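Reader: Hi! I'm new to this one, could you walk me through it?
Author: Happy to, let's open it up together.

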Amino acid sequence: MAYLVFILVIAAERLVELVVARRHARWSIANGGREFGRRHYPVIVASHALLLVACLVEVYGGHRPFIPWLGWSMVAVVVASTGVRWWCVATLGRHWNPRLIVIPGAPLVRRGPYRWLHHPNYTAVAAEVAALPLVHSAWLTAIVFTVVNALVLTVRIRAENLALGYA
């Protein structure tokens, strides 16, 4: 039951992100923003939603145990990755969005976590995708969605690098 509540909290946090994203998207478009990667964005949304469902299906359907040393360390990874993602949101301000919207002429951000990485949000997402199922030893979900996430992020990062002029 605690894992269900944990997943519901993560889902609620994702819904808050979508509300923030919609507000930011309206502002970006109103300020000349151009969207890239429209075709792969629904795949990102679907994979994140399916991850939450798959976690619950494997844990409750597969009777996966909570292993304290693994579970609590993975909770720490999920909490840390969520913190990094919100640090990215705070650093980018209105420019943050899970959609790939670029305002021409806007300077690249080089502060916050972007001092060290081009894509800190995706690093945090990768950690979370692997850790969230492992909170309750759903190892199959962790493997499958880590691979799916890697494939999706390969497409996404390539598109984002082109849109931002990295490539």
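**Aromatic pairs and a buried arginine**

Author: Let's start with Trp87, which has a relative accessibility of 36% and so counts as partly exposed. Keep in mind that this is a predicted model.
Reader: Thanks! How many aromatic pairs are there?
Author: The count comes to two aromatic pairs. The rings of Phe66 and Trp72 have centres 5.5 Å apart and planes at 80°, which is over 60, so that pair is edge-to-face.
Reader: And is Trp72 buried or exposed?
Author: Trp72 is exposed, with a relative accessible area of 57%. Phe66 is partly exposed, at 32%.
Reader: Which residue forms an aromatic pair with Trp87?
Author: That would be Trp116. The pair is tilted, with 6.1 Å from centre to centre and 55° between the planes.
Reader: Where do Trp87 and Trp116 lie?
Author: Trp87 is in helix H3 (residues 68-92), while Trp116 is in the loop between strand E2 (100-102) and helix H4 (120-134), so the pair ties together parts 29 residues apart in sequence.
Reader: Is Trp116 buried or exposed?
Author: Trp116 is exposed, its relative accessible area being 60%.
Reader: Changing topic: where is Arg14 found?
Author: Arg14 sits in helix H1, which covers residues 2-30.
Reader: Buried or exposed, that Arg14?
Author: Arg14 counts as buried, because its relative accessibility is 17% and the cut-off is under 20%.
Reader: What is Arg14 in contact with, leaving aside neighbours within four places in sequence?
Author: With those left aside, Arg14 is in contact with His48, Arg85 and Glu128.

Methods
Residues numbered from 1 in each chain as written. Predicted model: local features only at pLDDT ≥ 70, side-chain atom pairs only at ≥ 80, totals over all residues. Heavy atoms only, no water. Phe/Tyr/Trp six-rings, centres within 6.5 Å; stacked < 30°, edge-to-face > 60°. Buried < 20%, exposed > 50% of the residue type's maximum accessible area, 1.4 Å probe, protein only. Helix = DSSP H or I, 4+ residues; strand = E, 2+ residues; numbered from the N terminus. Contact = heavy atoms within 4.5 Å.
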